[in-house]
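Subject: Structure handover

Hello,

Here is the structure I promised to pass on. Please open it first, then read the notes below.

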Amino acid sequence: MGENTGSDSVSVRSEVTGLGLDANSALKGSIEGLLKTDVFMKAVEGSSVAISITDLKANILYVNQAFMDVTGYSKEEVIGQNESILSNHTTPRLVYQTLWGRLGQKKPWVGVLLNQRKDGSQYLAELTVAPVLDESGESTHYLGMHRDVTEVHRLKNQAINQKSMLEAVVDVSPSVTVLINDQGEIILDNLAYKALASDMGAEPIKEIFTILKERTRGKFALDQRVEVKGIEIELFCPSMGTRWFTCFGDSITIDDEAIDHFFNPVSRQCTLLVLNEITEIRRRQDELRLHSLKELVAEEEFIQALGETYHGAIHQLEQPVNLIAAAVTMLEKRLGNSTGQDPVLEAMKLAHQTGQEALKSLTSMVPTNRVFPKTTVNVNQLLREAISICSTRLSSAGIDFNWQPEKTLPGIWGQETRLRAMFKQLIDNAIEAIEMGSAQYRVLEIATRSGNGFVNIEIMDSGSGIPENLELKVFEPFFSTKEGHSSRKGMGLAMVHEVVNQHAGMVSLGCSRFGGCNVSIQLPLAV
Ligand code: FAD
């Protein structure tokens, strides 16, 4: 049972000053005399507060109608009885000692007691007791005022219990749950939300708002009812990396608790957001996607390499066949009319014919470039995929990779598979150049920007670089600055050139700020 000894002395006075009297002066002197005062009598009698007046031993001298209504006792049954008649003997002794201690100091006491009615039922009484002092300042009587606060207490406890139960249910949920008011302030959150905040090292709600606004094209607002149904949100946690969630949300309308809206109730809108973590599913999906992309790129590279091998063989064979053709012409000229009988000429003609047949056969074996459908392509996405495919090589080569994408890059119209293979080729080239080079820093930077109707891609490395006089020549098939390193020597940049041409783009080489090569590609935006 609680007590409050300070402010409630005022409530004693206000109860009585409501009658135009001061508690300590109006009740001075003879109670009997005062009771004769008609106005006072009517006011006290009619008060909705249970009022009793006792002698200094708490023996009851007077009770009003409300006292009888609350306790169930009639006037006759309680006059002359001690106030302890109301005690159900479970109120701690200390409470009574404090009550009496205050009265002994001639001060009022306010607190809550557990009372018992005549019928034995219990109720919680919020009681104010105050001494009535005579002219010399001595207590002559005690004034008691109480009201039944059982229902208030029950409702208060019910609200507290419901809050505790709700918090327990919300806390036990693995979903990140947060309730925010229309000012963006958190009203309720659960353990999963708190854990996320600690992992992020910041309040997640700000980031969540920004993403929801972006994903709903500005429709999401705290003061408007917007249902959020399964929007994917990625949040960065420094120690764990990116985590993915699906977000659901709805609005809840609650009454404003501020007392200034007592006579004009105002509703406030709150937003409940629930985020389910899907990081593991996303990771598995990404792994599967990366795996199939690697297979796709490997197949593309294999077909490319096959074509290059055939082209190489044709290139190698064309020279001797052409030489034989020249030798046949020369021999025919020398022999004049007697060509028909010359066995050497016949052998050379046969060799030339065989060579040409071999060339024809090889040419027919060259795999034709597969035609992929063109779609609107996100270059950032393709670059990310190409980087992922090369990530093991990048990290094992100890390369410091710097990814600088334009945040919202417009799409281009192109062949995803070919463009991805091209980006991978350029990253492979850069890694090879860095590994061959002797630069102190091993850096690869890829940046994307858009402007003037183009998407610009810059791939900058700190590798060995390409001499200025070879910046055009390196795009020719079979030209390479490396010596005998690769079986596909000199075909990588030729492929890049071909893919860029297919997309009506431009490619150029230059020197990067890291001392190596800077490949710059412009691809036209989708119209
Ligand atoms: P008691 O033996 O009556 O008293 C318990 C302790 O209170 C004692 O140990 C003693 O320290 C102290 N005490 C008791 N009487 C005095 C005294 N005359 N002077 C100094 N100390 C004393 N009690 C309720 O339970 N419900 C009520 O609604 C209620 N209303 C009251 C209204 C008024 C105006 C007053 C003056 C008292 C009221 N009391 C009420 C208190 C009541 O008088 C009893 O003190 C209380 O009920 C405990 O009774 P008890 O028989 O258990 O113990």
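The structure holds 23 salt bridges. A salt bridge here is a side-chain nitrogen of Lys or Arg within 4 Å of a carboxyl oxygen of Asp or Glu. Side chains of opposite charge can pair when their charged atoms come close.

A word on the source. This is a predicted model, so local features need pLDDT of at least 70 and side-chain atom pairs count only at pLDDT 80 or more, while totals for chains, interfaces and linings use all residues. Residues are numbered from 1 along each chain as its sequence is written, and side-chain values use heavy atoms, with hydrogens and water left out.

**Salt bridges**

Start with Glu445 and Arg513. Their closest N and O atoms are 2.5 Å apart. The pair links distant parts of the chain, 68 residues apart. Glu445 sits in strand S14 (residues 443–451), and Arg513 in the loop between strand S16 (506–511) and strand S17 (517–524). Helices (H or I, at least four residues) and strands (E, at least two) are DSSP runs, numbered from the N terminus. Glu445 is buried at 7% relative accessibility, whereas Arg513 is exposed at 60%. Buried means under 20% relative accessible area, exposed over 50%, and partly exposed in between (1.4 Å probe, protein chains only).

Next, Lys106 and Glu138. Their salt bridge has an N to O distance of 3.8 Å. This pair also links distant parts of the chain, 32 residues apart. Lys106 is in the loop between helix H7 (93–104) and strand S3 (109–116). Glu138 is in the loop between strand S4 (122–133) and strand S5 (139–148). Both are partly exposed: Lys106 at 34%, Glu138 at 41%.

Glu416 is partly exposed at 34%, but Arg420 is buried at 3%. These two also belong to a network of salt bridges with Arg289 and Glu385.

**Largest pocket**

The largest pocket has a volume of about 1,400 Å³. Of its 30 lining residues, the closest to the centre are Glu234, Trp244, Arg282, Gln381 and Arg384. Elements giving two or more residues to the lining include helix H11 (279–335) and helix H13 (379–396). On a 1 Å grid over the protein atoms alone, a cavity is a set of points where a 1.4 Å probe fits but cannot get out; a pocket is an open set with protein on both sides within 12 Å along at least five of seven lines, and lining residues have an atom within 4 Å of a point. Grid points are joined across faces, edges and corners, and a volume is the space filled by probe spheres set on the points.

**Cysteines**

The count is zero disulfides, a disulfide being a pair of cysteine sulfur atoms within 2.5 Å. For Cys237, the nearest cysteine sulfur is that of Cys247, 15 Å away. Cys237 is buried at 0%. The sulfur of Cys517 is 8.2 Å from that of Cys511, its closest, which is too far for a bond. Cys517 is buried at 7%.

**Backbone**

Asn452 and Ala504 are not glycines, yet each has a positive phi of about 55 degrees. Asn452 is exposed at 80%, and Ala504 is exposed at 58%.

Best wishes
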